[in-house]
Amino acid sequence: MKLPEDYIESMRQLLGEEELQNYLDCFDAPRTYGLRVNTGKISVETFLKRTPFHLTPVPWVENGFYYDPEEGVTKHPDYYAGLYYIQEPSAMVPASRLPIEEGDRVLDLCAAPGGKSTELAARLRGTGLLVSNDISRSRAQGLLKNLELFGAGNILVTSETPESLLGNFEGFFDKILVDAPCSGEGMFRKDKDMVKSWMEHGPEYYAPIQQEILRTAVKMLRPGGLLLYSTCTFSPLENEENLKKLLEAEQELEILPLSTGEWFREGLIPGTLRIWPQDIRGEGHFTALLRKKGQAPEHTQKDRRRTTVLPEGLSEFASLFQRPVLSQGRLDVRKENIYLLPEDFPEVKGLRFLRTGLSVGELKKKRFEPSQALAMYLKKGDFRQELDLSSGDERLIRYLKGETLEVSEEEADFSGWTLVLNDGYPLGFGKLNRGTLKNKYCTGWRLL
């Protein structure tokens, strides 16, 4: 790979001559491919027993694995069931190093395409609130799909500038992740186009943008809250120098040291992490964890009106639940669309949002159509009428392609809305009538 001479010189200054050669030699090594198990749906142990793929562990995260790119991991029904996410192995570090507790209010400020948000959602286990934001609306749409695929319902997905979020969320969050836009030096081996991008917009372009994002994020953090800052670049200007400026400007912040383990190096500021591709099977990253001094006040919830009477059309569908799914939050009915909001959902005004809570479905002339997001949110046994297809059943692939299925009486002796599962894990809905399942799998999600 042809690297810019001024970039090579900057790396020489950072690494020294001998180590620079080790770094340049790593470009001859093949890139690595990783997947991360969705522990919000399945345990790592159970996943490894059922997966047909040849996986080896990523040593720095418990639920990360390398896979062979020749194996069709994105064509398997388990992928469509949201049991794992495709993610570069080093990129698994930031979300894994932000300590998440159930009930936390969490912000992923630069969240698309969703690799970090999906891990944060899995660790919240349906509690608290996850606000996932990306300034690009098109990228935020992909973010939303990944969160829904993972079965996340306690979410608010927005497409705003950090400054716009601040008006609604000053001092609100317990944990914030800022995986900032950067010059991408750590991704040169993975994506050669990043080199061209670096030549157009290098560290000097991104550093002030990152500084602005960080200072706004700090204002949204509660006393005692934690902020994790990460980039996929090596530039000290974007990493340690940004931190120094932030710590000087925000005296209430302190660095919480992160362990390097056996794989990483300490950054130029003690307690921070630098990930180098010549050291590991992965690409380059920088990570630092900060704490806002002070004692966090208890969360307070405002009294809100709660929908107790289900709209006509939804009540009949709700009778098919085996557990009180729609009472685990508060219903928000907006014209024909119905959402289930977490109990701690905040009042939000003037924001461009793609999703508030869980999309339950849509009322069409008093007939209820459940959403794809609802299907992914459910677990086996939640729905009275289920069609659970085994992994070897060719109808699984046909269902994912949107085809109509034939179903025997032994498999399903009922009619109406049916939750289709892949060996115990929901894929979507269908409507069964006299042995024929009309496919209701989301058109935009279908296997091509």
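Author: In this predicted model, the rule finds five residue pairs in polar contact across the interface of domain 1 and domain 2, both residues being at pLDDT 80 or more.

Reader: Which elements give two or more residues to the side of domain 1 that touches domain 2?

Author: They are α7 (137–149), β18 (367–370) and α13 (372–377), and α13 gives the most, with four residues.

Reader: What makes Glu369 and Lys440 a salt bridge?

Author: The closest N and O atoms of Glu369 and Lys440 are 4.0 Å apart, and the rule asks for a side-chain nitrogen of Lys or Arg within 4 Å of a carboxyl oxygen of Asp or Glu, so the pair is called a salt bridge. The count between domain 1 and domain 2 is one salt bridge.

Reader: How many residues of each domain are said to be in contact?

Author: With contact meaning heavy atoms within 4.5 Å, 16 residues of domain 1 are in contact with 13 residues of domain 2. On the side of domain 1 that touches domain 2, the residues divide into nine nonpolar, four polar and three charged.

Reader: How do you know what area the two domains bury between them, and which residues of domain 1 lose the most?

Author: The area is what the two parts lose on being put together, summed over both, and for domain 1 and domain 2 that comes to about 1,300 Å², 62% of it on carbon and sulfur atoms. In domain 1, Leu320, Gln372 and Ala375 lose the most area to domain 2, together 42% of what that side buries.

How values were computed: Residues numbered from 1 in each chain as written. Predicted model: local features only at pLDDT ≥ 70, side-chain atom pairs only at ≥ 80, totals over all residues. Heavy atoms only, no water. Buried area = accessible area lost by both parts, 1.4 Å probe. Polar contact = N/O pair within 3.5 Å; in protein donor to acceptor, adjacent residues only side chain to side chain. Nonpolar A, V, L, I, M, F, W, Y, C, P; charged D, E, K, R; others polar.
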